[in-house]
Amino acid sequence: MDQPTPRPASQGPEAPPVSCARCGAQSPAGAPPTWTCSMENGSRQYFCHDCARANIRAIEGRLDSSWW
């Protein structure tokens, strides 16, 4: 593993809104700490708490979200 750990976007009023890549849920002030971040095909994707919990086995197995 020679990739750096992604740092979460800054929280607060200046943080850009984030959408869940699975269900489209919106978080207006950046990704909350309960959301999951995944690097897929070179781009960062965020998944809301509900989608991450529903697909935890696939996430742990490192399957891309297209397999869920």
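Me: Let's begin with E40. Where is E40 placed?

Reply: E40 lies in strand β3. Strands are DSSP runs of E with at least two residues, helices are runs of H or I with at least four, and both are numbered from the N terminus. Before going on, note that this is a predicted model, in which local features need pLDDT of at least 70 and side-chain atom pairs count only at pLDDT 80 or more, while totals for chains, interfaces and linings use all residues. Residues are numbered from 1 along each chain as its sequence is written, and side-chain values use heavy atoms, with hydrogens and water left out.

Me: Why is E40 called buried?

Reply: Buried means under 20% relative accessible area, exposed means over 50%, and partly exposed is in between (1.4 Å probe, protein chains only). E40 has 5% relative accessibility, so E40 counts as buried.

Me: What makes the link between E40 and S38 a polar contact?

Reply: A polar contact is a pair of N or O atoms within 3.5 Å; within protein, one must be able to donate a hydrogen and the other to accept it, and residues adjacent in sequence count only if both atoms are side-chain atoms. The side chains of E40 and S38 are joined by such a contact at 3.1 Å.

Me: How do you know whether S38 is buried or exposed?

Reply: The value for S38 is 9% relative accessibility, so S38 counts as buried. S38 is in strand β3, which covers residues 36–40. Contact means heavy atoms within 4.5 Å. With neighbours within four places in sequence left aside, S38 is in contact with S43, R44, Q45, F47 and R62.

Me: Why does N41 count as exposed?

Reply: N41 has 76% relative accessibility, and therefore counts as exposed. N41 sits in the loop between β3 and β4. Its phi is positive, about 55 degrees, although N41 is not a glycine.

Me: And why is C37 given the label partly exposed?

Reply: The relative accessibility of C37 is 33%, so the label is partly exposed.

Me: What makes Y46 a buried residue?

Reply: Y46 comes to 15% relative accessibility, and so counts as buried. Y46 belongs to strand β4, residues 43–47.

Me: Which residues form the largest nonpolar core?

Reply: A nonpolar core is a set of buried Ala, Val, Leu, Ile, Met, Phe, Trp, Tyr and Cys residues joined through side-chain atoms within 4.5 Å. The largest one has eight residues: V18, C20, A31, W35, Y46, F47, C48 and C51. In soluble globular proteins, nonpolar side chains tend to be buried together.

Me: How do you know that C20 is buried?

Reply: C20 has a relative accessible area of 5%, so C20 is buried. C20 is found in the loop between β1 and β2. Apart from neighbours within four places in sequence, C20 is in contact with A25, W35, Y46, F47, C48 and C51. The C-alpha atoms of C20 and W35 are separated by 8.6 Å, and the two residues are 15 apart along the chain.

Me: Which residues does C48 touch?

Reply: Not counting residues up to four places away in sequence, C48 touches C20, C23, A25 and W35.

Me: How many helices and strands does the protein chain have?

Reply: The protein chain has two helices and four strands, in the order β-β-β-β-α-α along the sequence. Of its 68 residues, 28% are buried.

Me: What is the predictor's confidence in the chain?

Reply: pLDDT is the predictor's confidence in each residue, from 0 to 100. The mean for the protein chain is 81, and 78% of its residues reach 70 or more. Among the elements, strand β1 has the highest mean pLDDT (94) and helix α2 the lowest (78). Where pLDDT is low, the predicted coordinates should not be read in detail.
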